[in-house]
Amino acid sequence: MSMKVKTNKANHPIWKEITVKSYVPASLQMLEELARNIWWAWNEEATELYKQIDPVLWEQVGCNPVLLLERLSYEKLNELSTDESFLSRAGEVYQKFKAYMAEKPNTARPSVAYFCMEYGLTSVLKIYSGGLGVLAGDYLKEASDSNVDLCAIGFLYRYGYFTQGLSMEGQQVANYEAQNFGSLPLERVLDENGTPLIVEVPYLDYKVYTYVWRVNVGRVPLYLLDTDNELNSEYDRCITHQLYGGDWENRLKQEILLGIGGVLLLKKLGIQKDIYHCNEGHAALCNVQRLCDYVESGFTFGEAMEIVKASSLYTVHTPVPAGHDYFDETLFGKYMGGYPQRMSISWEDFMNLGRINPGDINERFCMSTFACNTCQEVNGVSWLHGKVSQEMFSDIWKGYFPEESHVGYVTNGVHFPTWCSSEWKALYKKHFSKDFFRDQSNEKIWEKIYEVPDEEIWNTRLALKHKLISYIREEFKDKWLKNQGDPSRVVSLMNKINPNALLIGFARRFATYKRAHLLFTDLDRLSKIVNNPDRPVQFLFAGKAHPHDGAGQGLIQRIVEISKMPEFLGKIIFLENYDMRLARRLVSGVDIWMNTPTRPLEASGTSGEKALMNGVVNFSVLDGWWLEGYREGAGWALTDKRTYQNQAYQDQLDAATIYSILENEILPLYYAQNEKGYSQGWIKTIKNSIAQIAPHYTMKRQLDDYYTKFYEPEAERYKFLISNNYAEVKRIALWKEEVANKWDAIELISIQNSIEQAYEAGKEYTLHCTIDQKGLLDAVGLELVTIGTDAEGKEMISSIEPMQIEKVEGNIYTFQLKYIMRNAGSFKQAIRMFPKESTLAHRQDFCYVRWFNIE
């Protein structure tokens, strides 16, 4: 009998994630509480307090106070617990924090639920990729500072966005690093039994279970959904793994989780708000769940839509249709097929809410179109982007011209306490009024910068420049040794970073429309500029390209290649892994912030606004916020006018303009230095920039704009609609249904125009139009629309003149208009019929239009 051979045997462990809290003495418990509130991220006295404990360890843990307390030894904690000097300082910071937190929200302003895919609050919490996230993070911080009643919903990503590395050839390497949630400044949300709160989100014929985490952003709670748990299958655990990762199916699953899951979370927490704000189209499906909730509580779909629309706002950040999310009907139906029944509508009706052309079965479902159809208000993020968005969305509301659109705008701003360096804060505190931080939009306060001695401004700028250069030398030495290959080249590179040179920064997402390549159009001319011994110039580049954007990655590689050429070594420098920490150094340390997008593709841009707060001067294309912000003598601008339709020719012209402005304006001004080593003209430019531009681009101004332009008017109308047991909601829904049913039956009986042969400018004419309203009882209005052409040959409205009711006989309404053609020229005219109801938010709220030709 053969002997059985024993082989090694083991089953796979099923690991349970546990969190072991560090021991913190009672006298230091305040440090633990402070660490769990992101308030420290924009209050230097708090971060300095943690840094003081162990400066080396503070850097090693990436300036994360939670991880710092975890890593401190038992002995060190005990030592601190009896250090009276430290405890006194900690007590002062803690008391300031507690006083801040004790202030109750301002109930006079509408409450808001804010949905966004990403939030840039601190580099410690990797749940952001770039501008959209940083803007949302700044918004929450200002909401806290302004003490408004706001809560936010997003995702806790296991891997977040990627950490950028560079190969020796300059190729971008994307590294996804898992976050340890237990070591982050957040806390798990528990239910009434003290167990982790779980939100069940329906998908297909099963549910996805999401844990909930809370980030305390000062006074504002940010709730983060997390599907990476053992209750879910491997296909669903990854929903919250990566920001903007995976295929289109995963993207749809993410957007279901954010919108539908977000509303289900608020319901579970018992949170109801006045306004639901979708920051980008990713969150649009929140209105699906809200519609379902109202219909299932007894309202008709029409009534539910009135309630939801009246309390919803959609902010678009994308200037081109291709940038929006579209889903094939088959994929969309796979996950959303059960919702129309819950809303008491057909599948076709549901799909049509996401289509520009209802009934076109070949058109995909667009989240942005759905948001436009279910939100009363829509806005872009700068004046120009508002105009672009009116054009972009105009086909949704057929019958109206883009300039008639209700789509508005709020120009983006930046959170001043986050992005203004401690050195500039100290200067502002010294010279500005005590109320400055609460009154940041007051131009009179900012004008006091003119009273600050030039030398003080210059010394502040120099200090920050040296700080940036020291940071680069410390942070990037090891990285450069790894990807430069030659240690002597790295030493040479370090030595060539010159604090006396004009330092120009270019840091942003590397998308092709940002035109990072523009500077390198003429390398010979650029070489002469950067190698002028009397007027040295150095350029710092930073930014990530999306992992699937080959062209963007190619730009990075090309810049790295150029930076290694002998004539550009130390003059063109690429800094890898652009994040919030590096951004703060760059926007405060360079002399000029450069931005060269293809107009009008920069929706707003905010990095230049951050630089602005730190005495850094902008040099940019007149696009996004800079189109509004630019003032002569307070920075430099590349024209917004296009000379060539061929983009390559336009790029060459713009590059030549950049070189020319550098050679003839910027460099002579910067190097016109007096005996004290600075240029008075340059300091004047800095002062103009701060006094004339800065007060208009704070997040305080942005938040106030959202309240005055959107939240407050919407909330007022919403309260009117739902008063008296939703009486107005029911009346308007019924009225819309009746008008819609009879719209096509309305009959044009006659049109009479007093014109004989040809119009004559300045002469009065009379127009009569008679229609049969088919029992609608004064439900429609008529107006004469005259259109002409602008200088570029594009059709534009010349005039819109409302017609008045002259006579009513039963269902027969006769309208009259006396009008004068003010200008000679070629025009087109037609009569437009539209539903007339004084309580509608705007015409696009019920977009039914019929045109009548004037014979």
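Author: This is a predicted model.

Reader: What meets in a salt bridge with Glu 249?

Author: Side chains of opposite charge can pair when their charged atoms come close. Here the side chain of Glu 249 meets that of Lys 334, at 2.7 Å from N to O. The two residues are 85 apart in the chain, with Glu 249 in helix H9 and Lys 334 in helix H12.

Reader: Are Arg 832 and Glu 404 buried or exposed?

Author: Both are buried. Their side chains form a salt bridge of 2.5 Å, N to O. This pair links distant parts of the chain, 428 residues apart: Arg 832 belongs to strand E27, and Glu 404 to the loop between helix H16 and strand E14.

Reader: Which parts does the pair of Arg 843 and Glu 783 tie together?

Author: The salt bridge between these side chains spans 2.8 Å, N to O. Arg 843 lies in the loop between E27 and strand E28, and Glu 783 in strand E23, so the pair ties together parts that are 60 residues apart in sequence. Glu 783 is buried, with a relative accessible area of 3%, whereas Arg 843 is partly exposed at 28%.

Reader: Which residues do salt bridges with shared partners join into one network?

Author: Glu 306, Lys 309, Arg 717, Lys 736 and Asp 845 are joined in this way. For the model, the count comes to 48 salt bridges.

How values were computed:
Residues numbered from 1 in each chain as written. Predicted model: local features only at pLDDT ≥ 70, side-chain atom pairs only at ≥ 80, totals over all residues. Heavy atoms only, no water. Salt bridge = Lys/Arg side-chain N within 4 Å of Asp/Glu carboxyl O. Helix = DSSP H or I, 4+ residues; strand = E, 2+ residues; numbered from the N terminus. Buried < 20%, exposed > 50% of the residue type's maximum accessible area, 1.4 Å probe, protein only.
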